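Dear colleague,

Please find the structure below, followed by a short account of what was found in it.

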Amino acid sequence: MTHLSIIYAMVVLKELRAENNLTQEKLAQAIGTNQRTVARWEVGKSDPSVFYILKLAEYFHVSADYLLGVEDDLGHKSYIDVQDDITPEEQKLITAYRKLSPSNREMILRMLNIA
């Protein structure tokens, strides 16, 4: 996974878990791992394997592409138009950022020390 995918996935995972009123422990049990692993995914200390991305997608009834920021929650591809001075990696970052809730946008800006 790219660094941007990891950031996006950790934010989406935390949001999905909160929306479903799940603790890290309950989610971990449901997908066959442990709470510490889920916590590490959510803070970006490790990234889920393809196996767990698929387990998470199945559990939350979303696509793996949604978890990775390739699609929005309606299944539409979420890439923005290319501009001359924006790299593909920057495109993905902007797309992921635009899909975040205001509180998660603020969290990402704090993580990047630009808030």
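Ile114 counts as exposed because its relative accessibility is 58% (exposed means over 50% relative accessible area, buried under 20%, partly exposed in between, with a 1.4 Å probe and protein chains only). Ile114 lies in the segment after helix 7 (102–111), helices being DSSP runs of H or I of at least four residues, numbered from the N terminus. Together with Met111 and Leu112, Ile114 forms a nonpolar surface patch with about 310 Å² of accessible area. Such a patch joins nonpolar side chains within 5 Å, from residues with over 30% relative accessible area and no salt bridge (a Lys or Arg side-chain nitrogen within 4 Å of an Asp or Glu carboxyl oxygen); areas come from the Shrake-Rupley method with a 1.4 Å probe.

This is a predicted model, in which local features need pLDDT of at least 70 and side-chain atom pairs count only at pLDDT 80 or more, while totals for chains, interfaces and linings use all residues. Residues are numbered from 1 along each chain as its sequence is written, and side-chain values use heavy atoms, leaving out hydrogens and water.

The protein has seven helices and zero strands, and buried residues make up 37% of its 115 residues.

Yours sincerely

Methods
Patch = residues over 30% accessible without salt bridge, like charges linked within 9 Å, V, L, I, M, F, W, Y side chains within 5 Å. Helix = DSSP H or I, 4+ residues; strand = E, 2+ residues; numbered from the N terminus.
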